[in-house]
Each structure stands twice: as C-alpha cells, then as structure tokens.
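Dear colleague,

Please find below the structure that I am handing over to you.

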Amino acid sequence: MANAREYKNAIQPNWCPGCGDFGIQMAIQEAASKRNIPFEKLMLISGIGCSSRIGGYLYCYGAHTTHGRALPFAQGVKLANRDLEVVVCSGDGDAYAIGMGHTIHAIKRNLNITYIVFDNHVYGLTKGQTSPRSSLGFVTKTTPHGNVETPLAVSSMALAAGAGFVAQGYALDRRGLVDIIMRGMDYQGFSFINVFTPCVTYNKYNTYEWFKEHLTDVNDVADYDPADKARALTLLNEREGLITGVLYEEKDRPSYEDLIHLAEEPLAAKVETINEKTFTDFIAAFR
C-alpha cells in the first residue's frame, strides 16, 4: 500500500498559508492510500478556482478543465474507462454558480464519481467576491452594502435532486473527512461531498473559530439514521446546513454504468496506437 505522502508530487501548492484546502488535499491522499488505489488508477479532475489547482499537486492522472465544466469531462472519462477511480474537485463558485446545471444533472445521472466541493463561501481566486454560498450581509467587493441573496442550501438541494450519497465535511477534521471520502469512493454511484474550508484571506467571517462554534457532527445526533432522507432534510434545516458527516446513503441503487449495460471491455482499451507516419500525416492536415 502506498503511503499517503506518495500521492503528493513535487509541486508546492500556492494556496495561502492557513488555507483549509491543504487539509482537504491531505484527506484525499490518505483516503487513496487507505483504499490502496494505484497511482495510474486515480483520476482527479477539477475546474477553475483556488480549489481546482489541486489536480496539479497530486501524483496521479488529472485534468484541469474549464470553469464549471469539470463534471461533464469527468463523466466522459468514467464512461470511457470505468476502472478508474474518478474524483472531481470544485469550489463553491465552480459547482454552484457557473456549473450548477452540470451539478444537478450529474446528481440525477448517478455515475460512479466522487464529487468534492471546497466550500469557503467566497470567490478566492478572483480576490474576494460574493459566492452562491456567502452569508446574508456578507460584505465583499461585489456586495459593499452586504449580501442580500439567500445562500444556497446545497446539501438539501442535492438530496432534493435525488443524490444517493450526500455528506459534508470540515477541512480541519482530518479523521472525519478521510472517512467521508472513503465512504464516498466506496459508494457505487454519484457521491456528493460538500467540505467547509475557511478562506483565511478573503473571508474574515466564516473563520476556523466560527466553524468550530457552529458545526455539529452528525455522529453526535442521537439515533441518526443515514438511510432516512426525510430526517436528513429536517436536520439540515434545523442546523442551517451546518452539519458534518454522512447525511444520507441510499443502499442498493444501480449506477448509471450498470443501467446502460456497458461492454465488459472499457472503451479506453479499444483505442488503437497509431504509427508515426499516420500521426505525422494527421498533424500535417491541420497546417
């Protein structure tokens, strides 16, 4: 089994010191290590944003795609080679703004993909604008008088859209987050994981201290049953979405791949290697 550190390549992350994204990266590495995923079988796909830089920091296959379009790309990869462990990383802008339509359709389609959203309630890469997750009254460059829009209740939305696996984690809770990611990887369908990750530079409201005070672990809720969708929705409403852990897991639900009866041999295995002359002639046709 590879050590978690071996999933980290030589490139140093350029996230701000203290960013919660470091914790999420380490949790992904540890989950991959505990599941003993070969480097060449791990595919990490991201969109645009601070979070989406993560694909350049891990020793595995990856693709840094366009803004909001990571999920369509990932679904194509999974259909072409279902033997890959496909993990998609997005920020709350990438997932819930420009990419919201793709998020909803990926949920209903239910391919066997693990979707991890780095939720810091602000646009960090573009220097601190309001995001779909920003709190009411949140002051940024785009909302100098305070945000007047209701923040999206994203995990409730995922449940309502039919997600079979819904969880929330916290970047600072390494043990809990590793367990959530591993369970998401084990789930045979679309796994929706929203992770609270403080932005230490542009969000001075939702700080580490704020999350420590407001977050509740679902394991501390008496008699909680993750198979009860109605209870999950009620709990999210009661705690204003500030609950961590596996909130809902639907058992024995067939994935998209199962339902469309993919051929036994992956499409990726049928790609023929072309010779040098054919390749040269192909390239010459575009000159």
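A disulfide is a pair of cysteine sulfur atoms within 2.5 Å.

Before the findings, a word on the source. This is a predicted model, in which local features need pLDDT of at least 70 and side-chain atom pairs count only at pLDDT 80 or more, while totals for chains, interfaces and linings use all residues. Residues are numbered from 1 along each chain as its sequence is written, and side-chain values use heavy atoms, with hydrogens and water left out.

**Cysteines**

How many disulfides does the structure hold? It holds zero. The sulfur of cysteine 19 has that of cysteine 199 as its closest cysteine sulfur, but the separation is 6.5 Å, which is too far for a bond. Cysteine 89 is in no disulfide either, and its nearest cysteine sulfur, in cysteine 60, is 9.3 Å away. Residues are described as buried under 20% relative accessible area, exposed over 50%, and partly exposed in between (1.4 Å probe, protein chains only). Cysteine 19 is buried, at a relative accessible area of 15%, and cysteine 89 is buried at 0%.

**The sheet**

Helices (H or I, at least four residues) and strands (E, at least two) are DSSP runs, numbered from the N terminus. Strands of a sheet pair through backbone hydrogen bonds, either parallel or antiparallel. Two strands are counted as paired if DSSP finds at least two bridges between them.

In this model, eight strands form an open sheet with mixed pairing, in the order β2-β1-β3-β4-β8-β7-β10-β9. Its edge strands are β2 and β9 (216-217), each of which pairs on one side only.

Five of its five residues are buried, so β1 is largely enclosed by the rest of the structure. Both faces of β1 are covered: Leu42, Leu44 and Ser46 are buried on one side, and Met43 and Ile45 on the other. The strand has these partners:

- β1 runs parallel to strand β3 (residues 85-91), with five bridges joining them; serine 46 has cysteine 89 of β3 as its bridge partner.
- β1 also runs parallel to strand β2 (residues 61-64), through four bridges; here leucine 44 stands opposite glycine 62.

Elsewhere in the sheet, six bridges join the parallel strands β4 (residues 114-119) and β8 (residues 191-196). Aspartate 119 stands opposite phenylalanine 196 in β8.

**Pockets and a cavity**

The search uses a 1 Å grid over the protein atoms alone: a cavity is a set of points where a 1.4 Å probe fits but cannot get out, and a pocket is an open set with protein on both sides within 12 Å along at least five of seven lines; lining residues have an atom within 4 Å of a point. Grid points are joined across faces, edges and corners, and a volume is the space filled by probe spheres set on the points. For the linings, Ala, Val, Leu, Ile, Met, Phe, Trp, Tyr, Cys and Pro count as nonpolar, Asp, Glu, Lys and Arg as charged, and the others, Gly among them, as polar.

The largest pocket holds about 470 Å³ of space. It is lined by 21 residues, and those closest to its centre are Arg133, Pro151, Glu240, Gly241 and Leu242. The elements giving two or more residues to this lining are α5 (154-160), α7 (208-214) and α8 (229-238). The lining of the largest pocket has nine nonpolar, 10 polar and two charged residues.

The second largest pocket has a volume of about 260 Å³. Of its 19 lining residues, Ile48, Gly49, Gly93, Tyr123 and Gly124 are the closest to its centre. At least two residues of this lining come from each of α3 (92-96) and β5 (122-123), and α3 gives the largest share, three residues.

Among the residues that line the largest cavity are Gly68, Ser90, His102 and Tyr115. The elements that give two or more residues to this lining are α2 (70-80), α3 and α4 (100-109). By class, the lining of the largest cavity comprises four nonpolar, five polar and one charged.

Yours sincerely
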